[in-house]
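Thanks for coming, everyone. Let's take a look at one chain together. Please bring up the sequence and the model.

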Amino acid sequence: MTSHQDLDSQKKAAALQAVEYVRDGMVVGLGTGSTAKHMVIALGEKVRAGMQLRGVPTSQETAVLARQSGITLIDTDNRWEIDVAIDGADQVDPGFNLVKGGGGALLKEKIVAGSAKLFIVLVDQTKQVPVLGGSFPLPIEVIPFGWGSTAREIEALTKSRVVLRQRNGAPFKTEAGNLIVDVHLARIDRPRDLEIALNQIPGIVETGLFVGRTDILIVGRPQGVETLHASKG
Ligand code: 5RP
């Protein structure tokens, strides 16, 4: 069995590969999570070595780490042009579709990934699955108003168990002040259709399904890093 330390080394190796796509003067979307953390630290090293770049953080946690690492952050209340966004994922299927949101930052992550010219995803090999779903529930951000009713509609659509995410004995709140429900789907055979159907339900702010968004997938494996390019279109 792979130890936590081994997995962390694989995440770090993937992150070190990803930052090689960052060029001087770029605006970089900074993902959230234990894999993205390695990428932010590696970018900080590039800044210390003289590279000019600016970051768009996908969470407060990432913003704090980016500042500590010496990365200048852009004003996120204005229009931006993101050259490359780099983020982790909870699951990735053979078509490079993702489940994200384990850390609860899926809304900002999707906005940043969606507006970047290039979206690079970093995973250790345990995140690769033949079909999305199963071992990892699909996170969905919902507004607090009437969340129970929204959850019932999600249950009716997916025929799956929907659980309100908790933290420290209270409902988990996202940075936008919303809630997360985790949907325990056995398998997600048609992620695009599911994403479209979920987006019709009032009260859903965003889903953790990232369909057709990945440009480059970097997988950390015990024997080294594998870089895969998505065929889009
Ligand atoms: C946070 C995310 C993360 O990218 C995802 O949970 C992967 O995290 P980690 O790199 O810690 O495994 O989507 O909302």
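Start at helix α3, where T62, A63, L65 and A66 are buried. These four cover an arc of only 170 degrees around the axis, which puts them on the same side of α3. The arc is that of the directions from the helix axis to the C-beta atoms. Now turn to the other side of α3: E61, R67 and Q68 are exposed there. Buried means under 20% relative accessible area, exposed means over 50%, and partly exposed is in between, with a 1.4 Å probe and protein chains only. There is a general point behind this. An α-helix has 3.6 residues a turn, so residues three or four places apart point the same way.

A word on where this comes from. This is a predicted model, with residues numbered from 1 along each chain as its sequence is written. Local features need pLDDT of at least 70, side-chain atom pairs count only at pLDDT 80 or more, totals for chains, interfaces and linings use all residues, and side-chain values use heavy atoms, with hydrogens and water left out.

What covers the buried residues of α3? The cover includes β1 (27-30), α2 (34-48), β2 (54-57) and β3 (72-73). Helices (H or I, at least four residues) and strands (E, at least two) are DSSP runs, numbered from the N terminus.

Zoom in on T62. This residue is in α3, which spans residues 60-68. T62 counts as buried because its relative accessibility is 5%. Setting aside residues up to four places away in sequence, T62 touches L30, G31, T32, V40 and P57. Contact means heavy atoms within 4.5 Å. Just after α3 comes G70, with a positive phi of about 90 degrees.

**The whole chain**

Step back now. How many helices and strands does the chain have? Six helices and 16 strands.

Next, the overall dimensions. A compact globule of 233 residues would have a radius of gyration near 17 Å; the chain has 17 Å, so the two agree. That radius is taken over C-alpha atoms, and the globule rule is 2.2 Å times the number of residues to the power 0.38. Along the principal axes, the C-alpha atoms fill a box of roughly 55 × 40 × 40 Å.

Contacts reach along the sequence too. Take those between residues at least 6 apart: 73% of them join residues at least 24 apart.

The chain exposes about 11300 Å², and carbon and sulfur atoms supply 50% of that. Areas come from the Shrake-Rupley method with a 1.4 Å probe; for residues, only the protein chains shown count as cover.

And the charges? There are 26 positive and 26 negative ones, and their mean positions are 1 Å apart. Lys and Arg count as positive, Asp and Glu as negative; His and the chain ends are not counted. Each charge is placed at NZ of Lys, CZ of Arg, CG of Asp or CD of Glu.

**Some single residues**

Back to α2, for T35. T35 is buried, at 4% relative accessible area. Beyond its neighbours within four places in sequence, T35 is in contact with K11, A15, G88, L122 and K127.

E141 is in strand β8, residues 138-142. Is E141 buried or exposed? Buried, with a relative accessible area of 1%. Its contacts outside four places in sequence include L106, T174, I180 and E206. E206 is 65 residues away along the chain, yet the C-alpha atoms of E141 and E206 are separated by 5.3 Å.

E155 is in helix α5, residues 147-158. This residue is partly exposed, at 34%. Leaving out neighbours within four places, E155 is in contact with S160 and V162. E155 and T214 are 59 residues apart along the chain, and their C-alpha atoms are separated by 28 Å.

Last, two backbone angles. F96 is not a glycine, but its phi is positive, about 70 degrees. F96 lies in the loop between β5 (91-92) and β6 (98-99). F96 is buried, at 11% relative accessible area.

N168 also has a positive phi without being a glycine, near 50 degrees. Its place is the loop between β10 (166-167) and β11 (170-171). N168 is exposed, with a relative accessible area of 79%.
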